[in-house]
Amino acid sequence: MAAKKKAAPKAKAKAKPKKVLKATPAIKAAAAKSAKKAAKGARIGKAGYDVPAKKAAPKSAALTLHGFHLSLPSAKVALMLSMLGVKWNYRHVDLRAGAHKTADYLKLNRYGQVPALVDGAETVVQSNVILQYLADRFGAFGGTVAHEKRRIAEWLAWDLDRMTSVGQARFLRRNAPESPALPFVFGRGEQSLELLDRHLGTSKFLAGPNPTIADIAVFPWIATAEEAQYDAGKYPNIRDWGQRMMKLPGVAHPYALMPKEDRPAQ
Ligand SMILES: N[C@@H](CCC(=O)N[C@@H](CS)C(=O)NCC(=O)O)C(=O)O
């Protein structure tokens, strides 16, 4: 073992001149800006750049769906996750207890609604936006060419505009059957089903020959339409499409997909 060198007495040690980086006015200005942001709570990276509070989740990390078991927008997301065959955690948001209006939940979803999808540092809300997000993230069901993508976007817009009437009619039938709004909402839903039935007489899936997020968005409304007292027999093309959907891997009825309580990834 080499003998230890005798340490020079501190007082005699020659003080090394400190390397000083001379800040230009631009660096000074950037440093002042970072300090201001840090004071407000933002994390500042070593190089002075702003960095996100959390690192983006690796592709394999489990996703967490926050939803409610009777919510069809939540069921759209559960259906997509199931069709993708990815693992997902579930957090029950008890709408009946007002859990969707608590300060903690509003941090996830500013609209105070289910669903919300948490993917590492990313939180996505609005069911059809979540479907689009998942299609981009996993490269599935989002269409392949520009024309198909536009057609999908068109059906997603129509879904929110018109198919929701079918869901609202179901809601009113279950919770407020005497509501004066029910006949109007039910009628609007009927028009939507007629349009969809005509379209599905000419197209295997909504946006063409392959299933896409347009089909995933619409499926939960259809699977539960009879609860609103729509007559399934009047829409044979929708029925055939529903059967085609049910044959696809991961597709199931909303009630079979949606947990009723918190559930870890599986
Ligand atoms: N446009 C939203 C609608 C979501 C929605 O209506 N969620 C309902 C449950 S099905 C909800 O959270 N309702 C409670 C509220 O609006 O206060 C989406 O597609 O995500």
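**A close look at the sheet and what surrounds the ligand**

Modeller: Of the 266 residues in the protein, 31% are buried. What you have on screen is a predicted model, and I'd check the confidence before anything else. The average pLDDT is 84, and 77% of the residues score at least 70. Residues 1–58 are another matter: the pLDDT there is below 50, although this stretch still has 25 contacts in the model beyond near neighbours in sequence. Where pLDDT is low, the predicted coordinates should not be read in detail.

Now for the overall layout. The protein has nine helices and four strands. Starting at the N terminus, the elements go α-β-α-β-α-β-β-α-α-α-α-α-α. Contacts across the chain matter for the picture too: among contacts with a separation of 6 or more, 69% are between residues 24 or more positions apart.

Let's zoom in on the sheet. The four strands form an open sheet, in the order β2-β1-β3-β4, with mixed pairing. At the edges sit β2 (88–92) and β4 (122–125), each of which pairs on one side only. On average, neighbouring strands in this sheet are turned by 20° against each other, ignoring direction. A bit of background: strands of a sheet pair through backbone hydrogen bonds, and they can be parallel or antiparallel.

Strand β1, residues 63–67, runs parallel to β2, and five bridges join the two. On to the next pair: β1 and β3 are antiparallel, with three bridges. Here H66 has A116 in β3 as its bridge partner. Then β3 and β4 also pair in the antiparallel sense, over four bridges. In that pair, L117 stands opposite V124 in β4. β3 and β4 make a hairpin with two residues between the strands, and G120 in this hairpin has a positive phi near 60°.

Next, look for helix α2. This helix lies across β1, β2 and β3 (116–119), and runs at about 155° to β1.

With the sheet in place, we can turn to the ligand. Which residues surround the ligand? Around the ligand you'll find S71, L72, P73, L95, H100, G112, Q113, V114, P115, Q126, S127 and N128. Two helices, α2 (72–84) and α4 (127–138), each give at least two residues to this shell. Sorted by class, the shell has five nonpolar residues, seven polar ones and no charged ones.

A few backbone details in this shell deserve a click. Most residues other than glycine have a negative phi, and most peptide bonds are trans. Yet the peptide bond from V114 to P115 is cis, with omega near 5°. P115 is in the loop between α3 (103–108) and β3. Then there's Q126, which isn't a glycine but has a positive phi, near 75°. You'll find Q126 in the loop between β4 and α4. Is Q126 buried or partly exposed? Q126 counts as partly exposed, because it has 17 C-beta neighbours inside 10 Å, and being buried takes 20 or more.

F141 counts as buried, because it has 21 C-beta neighbours inside 10 Å.

One last stop brings us back to L72, one of the residues around the ligand. The C-alpha atom of L72 is separated by 9.5 Å from that of V218, though the two residues are 146 apart along the chain. V218 lies in helix α7, residues 213–223. Why does V218 count as buried? V218 is buried because 26 C-beta neighbours lie inside 10 Å. Leaving out residues up to four places away in sequence, V218 touches D159, M163 and L206.

Notes:
Residues numbered from 1 in each chain as written. Predicted model: local features only at pLDDT ≥ 70, side-chain atom pairs only at ≥ 80, totals over all residues. Near = placed C-beta within 6 Å. Nonpolar A, V, L, I, M, F, W, Y, C, P; charged D, E, K, R; others polar. pLDDT = per-residue confidence, 0-100. Contact = placed C-beta atoms within 7 Å. Pairing = 2+ DSSP bridges. Axes fitted to C-alpha atoms, helices over the stretch in contact; angles between N-to-C directions. Buried ≥ 20, exposed ≤ 12 C-beta atoms within 10 Å, placed from the backbone.
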